[in-house]
Amino acid sequence: MSKLLGGQIGLDDFIFVHRKGQPKEVEITKNEDALGLTITDNGAGYAFIKRVKEGSLIHGLGFIQVGDHIEKINDVSMVGCRHFEVAKQLKDIPKGAGFTLRLIEPLRAGFSHIGPRSGTVSGGSNKKGTFGSGKETLRLRAKGPATIEKAPNDVVQAAVEKINSLLESFMGINDSELATQIWDLGKEKANPHDFVTAIDSSDLEAFGFTDDFVFDLWGAISDAKTGRLKKDSQRTPM
């Protein structure tokens with residue numbers, strides 16, 4: 001379990017093992033601030049593409065797929081880096097500059113006949129199985145055992161969504177795991193000074209967040225804690 005792709009898995013997620021497949025290099029011109037990538041890592045030094053935003057720069061290229069391992073950016077190896085370190089490398093590329101991504105595709109063979117279980121047991125009877133509440137999540141860590149925890153409540157989900165939108169505007173990359181880490185740093189803090197201190201004392205200090213951006217993050221955390229934020233699914237359409 002410690003070698004699975006993501007750091008957090010929901011009960012409705014599809015779990016697969018990444019086996020190295022075909023390497024590929026993609027040359028990209030960063031003509032937009034946001035690349036449209038969500039990056040994760042397995043806690044063991046391998047960063048992967050978790051999501052490609054539809055309509056984004058990366059989506060338009062068509063060569064980069066979910067599950068691809070980011071091995072190098074230009075000539076700099078990303079092996080051994082956490083997902084937020086890879087995100088920072090991509091953010092630091094100036095707008096208008098070209099760069100090369102070296103990716104390793106996962107082997108995709110062997111899953112063509114897998115489908116949902118019908119729930120029919122031997123003998124033809126239609127019997128429901130026990131699936132649990134659907135309100136828990138399996139969290140994997142680089143250190144320590146996997147644990148089953150309660151799924152994030154509406155406050156946490158709303159905070160992570162808002163922080164994620166701020167990260168995308170600042171870094172050009174959507175990163176739910178980094179957003180969750182920022183929420184965890186700020187959720188128990190009583191004031192922005194304590195939050196700034198927590199950021200500066202963590203590995204997020206390397207991002208060099210501006211004072212204005214940290215204040216925006218604190219605003220999102222405060223709004224979530226006081227109930228002024230609602231997750232996207234609960235917002236009234238405009």
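## Overview

Of the chain's 238 residues, 37% count as buried (under 20% relative accessible area; exposed is over 50% and partly exposed lies in between, with a 1.4 Å probe and protein chains only). This is a predicted model, in which local features need pLDDT of at least 70 and side-chain atom pairs count only at pLDDT 80 or more, while totals for chains, interfaces and linings use all residues. Residues are numbered from 1 along each chain as its sequence is written, and side-chain values use heavy atoms, with hydrogens and water left out.

The chain has 6 helices and 9 strands. Helices (H or I, at least four residues) and strands (E, at least two) are DSSP runs, numbered from the N terminus. Take the contacts between residues at least 6 apart in sequence: 63% of them join residues at least 24 apart. Contact here means heavy atoms within 4.5 Å.

## Helix α4 against α5

Helix α4 spans residues 176–186 and helix α5 spans residues 192–200. Their axes come within 9 Å and cross at roughly 130°. Axes are lines fitted to C-alpha atoms, for helices over the stretch in contact, and angles run from 0 to 180 degrees between N-to-C directions. The angle makes α4 oblique to α5. Angles under 35 degrees count as roughly parallel, over 145 as roughly antiparallel, 65 to 115 as roughly perpendicular and the rest as oblique.

On the α4 side, I182, L185 and G186 make the contact; on the α5 side, F195, A198 and I199 do. By class there are 5 nonpolar residues, 1 polar and no charged ones. Ala, Val, Leu, Ile, Met, Phe, Trp, Tyr, Cys and Pro count as nonpolar, Asp, Glu, Lys and Arg as charged, and the others, Gly among them, as polar.

## Helix α4 against α6

α4 also packs with α6, at an angle of about 70° and with the axes 10 Å apart. The two helices are therefore roughly perpendicular to each other. From α4, the residues are I182, W183 and G186; they meet L217, W218, I221, A224 and K225 in α6. This contact divides into 6 nonpolar, 1 polar and 1 charged residue.

## Aromatic pairs

The count comes to 2 aromatic pairs. Rings of Phe, Tyr and Trp (its six-membered ring) pair if their centres lie within 6.5 Å; planes under 30 degrees apart count as stacked, over 60 as edge-to-face and the rest as tilted. One of the pairs joins F195 and W218: the ring centres are 5.7 Å apart and the planes stand at 35°, so the pair is tilted. It links distant parts of the chain, with F195 in helix α5 and W218 in helix α6 (residues 211–225), 23 residues apart.

Both partners are buried. F195 has a relative accessible area of 0%, and W218 has 9%.

A179 lies in helix α4 and is buried, at 0% relative accessibility. Beyond its neighbours within four places in sequence, A179 contacts V160, I163, N164 and L167. The C-alpha atoms of A179 and L167 are separated by 7.5 Å.

E177 is in helix α4 too, but is partly exposed at 21%. Its C-alpha atom is 7.2 Å from that of T40, 137 residues away along the chain.

## A positive phi at N74

Most residues other than glycine have a negative phi. N74 is not a glycine, yet has a positive phi of about 55°. N74 sits in the loop between β5 (69–73) and β6 (76–77). Its relative accessible area is 38%, so N74 is partly exposed.
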